[in-house]
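Hello,

Here is the structure I promised to pass on to you. Please have a look at it first, and then read my notes below.

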Amino acid sequence: MGVGFSLLMIVLLVLIPFLGVYAGLEYVLGVVFPYLAFSIFIIGILYRIICWGRSPVPFRIPTTCGQQKSHDWIKADPVENPTTAFGVILRMVKELFFFRSLFRNNKVKITEKGHIAYIWEKWLWLAAILFHWSFFIIIIRHLRLFTPKTPWLVSFFERMDGFFGFGMYSFYFTDLLVVIGLAYLLIRRLVIPMVRYVSLAADYFVLFLIMGIAFSGILMKYFVRADVAGVKELAMSLVAFKPVVPVDIGSIFYIHLFLVCALLAYFPFSKLMHGPGLLLSPTRNMANTNRMKRHINPWNYPVKVHTYEEYEEEFGKVMQAAGLPLDKQS
Amino acid sequence: MSSLPKADSLVSKKFKMPKKNWFNAPFEFKKGTYNYGSNPKHHVALDLPNPRNWSPEDQDWQLPENWKEILLEGLRERLDKYRSLKIFMDVCVRCGACADKCHFFIGSGDPKNMPFLRAELLRSIYRREYTKAGKIMGKLAGARDLTEEVVKEWFYYFFQCTECRRCSVFCPFGIDTAEITIIARELLGLLGVNTDWTLASVSNCFRVGNHVGIPPHAIVDTIDMLCDDIEDITGVRVNPTFNRKGAEVLFIAPSGDFFADPGIYTFMGYLMLFHEIGLDYTLSTYASEGGNFGLFVSHEMMKRLNAKMYAEAKRLGVKWILGGECGHMWRVVNQYMDTMNGPADFLEVPVSPITGTRFENTKSTKMVHITEFTSDLIKHNKLKLDPRRNDQYKVTFHDSCNPARAMGIFEEPRYIIKNVCRNFYEMPENTIREKTFCCGSGSGLNNDEFLEMRMRGGFPRANAVKYVQEKHGVNMLSCICALDRAALPPLMDYWVPGVEVCGVHELLGNALVMKDEGDRVRETNLRGEPLEEVGGEQDV
């Protein structure tokens with residue numbers, strides 16, 4: 001559902017900067033929108049996290065995926081069933097950077113004989129890893145545009161990433177990987193009936209949007225060269241808060257930039273918040289110290305209970321006849 | 001099971017999705033797949049809203065006039081109270097990793113049983129009411145209006161989730177459908193929409209002390225009969241005490257263990273063990289239920305029932321509490337009890353009087369799981385065991401959902417099993433430990449009217465048992481959950497005939513060589529089945 005709608009939205013988003021450059025709105029596209037989008041991005045994320053954080057975590061509900069800590073002669077799993085802050089951090093690192101839980105994925109197939117087979121299925125994990133890590137490295141590479149001298153970490157990533165370049169043609173491996181990752185994520189969403197059935201317009205929209213960013217970037221780098229010096233001048237002027245818009249950077253750059261702005265502004269209000277969400281997810285970020293340390297529920301309130309006195313009041317006679325001790329001697 | 005299709009034709013082998021999108025997809029209350037509506041007398045007994053006679057098949061559910069307001073206000077309140085709910089409403093990316101992890105989806109093929117769609121049933125309303133995108137864009141943003149049809153759909157599907165948390169193991173963000181189901185059921189409860197089975201159990205438990213409503217004198221009688229059976233089999237008279245003040249330990253087991261076959265054999269195992277080690281313990285008729293069906297109604301109801309454990313421990317002046325083999329009981333004890341009804345500052349940190357082991361992992365809650373207790377005894381060589389007495393069994397072990405995914409008790413029961421029987425085989429890796437499959441009847445769905453869905457939901461578990469039956473000749477499915485002991489036997493009869501179900505402490509009771517038995521030779525196991533090749537010698 002919503003594939004067409006999402007595509008249409010992307011076309012519109014591409015048209016805006018395209019027409020904007022025609023109309024001479026480079027300043028709006030190159031300065032106003034980026035500032036606006038970045039502000040929305042930062043404030044939006046903070047707002048959402050604060051919003052989540054305002055609700056308490058009344059109960060300690062980690063999903064335990066390993067042996068608990070009990071006897072010292074039974075080996076506990078300190079990460080998948082953590083009891084220490086360090087264990088929780090390790091668990092979160094595994095989740096955040098390596099998508100541990102997604103790596104557990106398998107596929108159920110019921111054979112003709114009626115047996116359930118659990119089939120190896122790490123493709124989703126692999127595509128997710130490819131996409132997220134490539135996207136991350138690409139973002140790091142872009143930092144060179146914002147500083148006069150390229151920081152060593154950025155050049156390091158560039159060199160690693162550009163390892164496969166040949167001759168005078170530079171080529172970044174991540175440009176390819178990000179597209180492969182995205183393509184797989186999109187195709188599986190369209191092809192796997194279960195996923196397609198539940199997918200919303202928003203799910204396609206972000207995929208198309210990020211694909212739009214990737215394609216416009218790739219176009220700019222390898223085919224329709226934009227004026228890199230101009231881009232860098234603009235970028236540095238933006239971070240210095242003295243925006244200058246060089247002339248004739250090229251429409252393709254403004255399309256790329258506008259889509260990035262759209263992504264930044266959309267981010268806080270969408271499912272893209274899954275990253276920060278994972279950080280705050282109580283089933284993952286809590287230690288299973290449940291019986292060791294009391295967890296406090298800030299809104300714990302007294303409830304109506306059935307007391308022993310009421311119980312004995314009702315059953316005292318039969319209890320006495322059965323020889324059970326009573327609190328009230330009558 | 002007459003209306004139930006034959007096992008070989010129940011489950012379809014392909015997952016097919018309907019053409020129409022799910023937003024307004026119709027569904028019907030088909031016999032065997034839904035729970036009966038709650039009886040008004042239980043509403044009255046428990047001070048729950050909207051008591052009336054109703055059935056899910058009725059056109060008019062007689063909801064309160066301002067039901068929409070109540071429900072939305074309830075949702076808003078819970079969003080403010082539970083960070084989990086807020087995050088789980090917002091962060092799902094619909095990647096579908098959870099889809100075929102749900103036993104109900106595997107067994108029914110119904111798309112609304114895929115965890116991410118089950119959650120969308122609630123999320124779509126959340127988006128409509130509480131997000132800008134949902135308000136403006138409606139359906140395109142995955143939002144839909146709250147109608148009575150939605151309430152009915154929630155009732156149908158949130159009572160087709162056993163809160164087993166398997167999907168949350170696979171979710172890259174840890175989204176826990178159990179949390180969503182618990183809260184959705186709470187919301188339905190605000191309108192007086194509950195299931196009869198659950199409320200009947202809760203109202204029994206609240207007033208009488210246990211789910212089945214066994215009054216105190218009958219508990220004494222029932223357990224006395226189990227003691228007679230033990231005497232017949234072993235020649236040893238065990239004498240449990242009830243409501244005794246000053247005992248060192250309060251022992252609380254799920255009531256299923258003393259009133260129904262095959263749980264009773266597990267209970268006999270407990271009693272024999274305690275007698276053998278001379279544990280100073282008492283049972284309680286007031287807190288005669290370890291289980292807590294309140295968990296399947298609301299957080300509040302869970303607290304109301306659970307309060308009895310600490311209250312009784314305090315009244316009797318015991319030092320600590322020992323808990324029997326039960327699944328959701330241990331979810332409540334491990335994740336909620338101390339927070340809800342603690343602090344247990346009137347108790348002491350549990351120490352095994354036999355081995356001197358201090359159970360540091362329970363130093364705040366002060367309640368020990370019986371497999372923790374018994375594995376410690378075995379490790380310290382405090383028990384004389386003859387595992388040959390279980391030789392007629394080829395055993396496998398079913399990790400019950402809650403001890404697995406809400407505690408992480410994996411090795412303790414396995415250690416006991418490996419010491420009390422000689423034929424133990426694990427089921428396939430994807431179906432045990434944290435990836436274990438539910439029995440299909442958890443979270444208050446173990447009633448007769450729901451039988452077809454229970455057989456569907458239990459299919460993946462049964463299928464794994466079938467695998468070890470075919471491969472190793474397994475004939476005994478052991479577990480540490482009373483609901484399992486009630487639910488798995490019909491499941492086995494349906495899918496894997498020839499496999500029986502037992503608790504871990506039944507196996508222990510069989511193997512336990514009691515001092516007071518003297519030279520007497522046991523002729524039968526706890527089920528009264530003759531012991532064959534063991535013969536006369538019982539030396540280990």
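Let me begin in the sheet of chain B, where Ile252(B) stands opposite Gly323(B) in strand 3 of chain B. This is a predicted model, in which local features need pLDDT of at least 70, side-chain atom pairs count only at pLDDT 80 or more, and totals for chains, interfaces and linings use all residues. Residues are numbered from 1 along each chain as its sequence is written, while chains are lettered from A and ligands numbered from 1 in the order in which they are written.

Strand 3 (residues 320-323) of chain B pairs with strand 1 (residues 249-252) of chain B in the parallel sense, over four bridges. Strands (E, at least two residues) and helices (H or I, at least four) are DSSP runs numbered from the N terminus, and two strands pair if DSSP finds at least two bridges between them. The open sheet in chain B has four strands in the order 2-1-3-4, with parallel pairing. At its edges are strand 2 (281-282) and strand 4 (367-369) of chain B, each pairing on one side only.

Next, the domains. An automatic or database domain assignment gives the bounds: chain B is divided into domain 1 (49-193), domain 2 (202-379) and domain 3 (387-517). The C-alpha centres of domain 2 and domain 3 of chain B lie 21 Å apart. Their contact takes 35 residues from domain 2 of chain B and 36 residues from domain 3 of chain B, where contact means C-beta atoms, placed from the backbone, within 7 Å. On the domain 2 side, helix 14 of chain B gives the most, with nine residues.

Between the chains, the contact takes 95 residues from chain B and 83 residues from chain A. Helix 15 (residues 299-316) gives the most to the chain B side, with seven residues.

Is Arg461(B) buried or exposed? Arg461(B) is buried, because 27 other C-beta atoms lie within 10 Å; the cut-offs are 20 or more for buried, 12 or fewer for exposed and partly exposed in between, with C-beta atoms placed from the backbone.

Best wishes

Methods: Two residues are in contact if their C-beta atoms, placed from the backbone, lie within 7 Å.
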